[in-house]
Amino acid sequence: MPENRNIGQSSCGRETVCIDTYRVLDSCRDKDCFEDVRVFLTDFGQELISHTQSVRTKSARIIWATIDVNSVPFNRGFYQINIRIYVKITCEVCVNGNPQEISGVAAVEKRSILFASEGNVSIFRSDPYEDNFCRIPRGGRVGTNLPVAVLETVDPIILSSKIVDPPTVCSCCCRADDMPSEVVTDINGSLVDTDEERFLTVTLGFFSVVRIERPAQYLIEAAEYTVPDKECVSPENDDPCALFRTMSFPVNEFYPPSFIPQGSDPVQNGRPCCR
């Protein structure tokens with residue numbers, strides 16, 4: 001006899017249902033420092049770097065990331081995750097006493113090994129818009145339960161920047177021609193790659209979380225969803241100033257919380273403690 005999972009109505013008006021979701025099997029967190037990463041610039045930016053020694057980095061913003069998952073030989077259930085992160089670097093250089101803003105792209109790579117168990121099945125899903133008795137098989141309809149890697153990170157911290165002369169060796173994981181189109185379109189102009197001219201390098205600090213997941217099915221207790229009681233309300237008038245006056249003042253933006261060391265107790269005898 002098959003095992004009775006008791007799917008159906010349970011106590012307290014809740015129903016036991018089966019859901020299809022992703023299960024996190026392993027995860028890790030990293031604090032990475034990438035030193036002397038080359039910044040690929042446009043023709044305009046490269047020309048300015050060639051005629052100045054003064055540069056100041058203003059911001060670093062992640063614009064793209066690629067993730068590749070491969071099984072680890074002789075270690076069943078373990079997978080190596082290869083991640084390449086593309087960062088847009090915005091700098092300010094001084095030429096003849098005038099500041100000029102330029103942008104470029106830096107790329108870094110990180111690797112992690114996580115456990116994701118085993119399993120390799122083919123998954124086919126129906127399509128209500130295209131399925132019929134005489135349907136011709138097409139690609140893209142087959143899925144698997146192979147692990148999926150997920151990267152969570154914030155924009156990096158620029159720790160240092162400098163202009164170096166050739167033939168200084170930089171920390172480069174790729175060339176300008178290897179940049180994806182999604183990265184290049186974020187920069188005004190095409191990126192140049194030369195080993196005979198001075199170039200810009202930066203040192204970046206990353207905080208990240210990497211996790212690996214697999215499709216899975218679970219039995220959970222769920223309450224039936226009801227239609228919301230709240231009605232959608234539109235503005236009573238088109239006066240933007242009247243709408244602005246109804247907004248609360250953002251006090252926390254002007255007075256951020258004070259720093260409290262980890263492990264300390266800011267409250268004594270039920271009252272805040274002054275430090």
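1. A polar contact is taken here as a pair of N or O atoms within 3.5 Å; within protein, one must be able to donate a hydrogen and the other to accept it, and residues adjacent in sequence count only if both atoms are side-chain atoms. The model is predicted, so local features need pLDDT of at least 70 and side-chain atom pairs pLDDT 80 or more, while totals for chains, interfaces and linings use all residues. Residues are numbered from 1 along each chain as its sequence is written, and side-chain values use heavy atoms, with hydrogens and water left out.

2. By that criterion, the side chain of arginine 214 makes a polar contact with the side chain of tyrosine 79, at 3.2 Å. A polar atom of the arginine 214 side chain also lies 2.4 Å from the backbone oxygen of alanine 116.

3. Arginine 214 is buried but has no salt bridge. Buried means under 20% relative accessible area, exposed over 50%, and partly exposed in between (1.4 Å probe, protein chains only); a salt bridge needs a side-chain nitrogen of Lys or Arg within 4 Å of a carboxyl oxygen of Asp or Glu. The nearest side chain of opposite charge, glutamate 118, is 7.5 Å away (Lys and Arg count as positive, Asp and Glu as negative; His and the chain ends are not counted).

4. Strand β10, residues 199-222, holds arginine 214 and also phenylalanine 207. Strands (E, at least two residues) and helices (H or I, at least four) are DSSP runs, numbered from the N terminus. Phenylalanine 207 counts as partly exposed because its relative accessibility is 44%.

5. Of the 275 residues of the chain, 29% count as buried. The chain has 4 helices and 12 strands.
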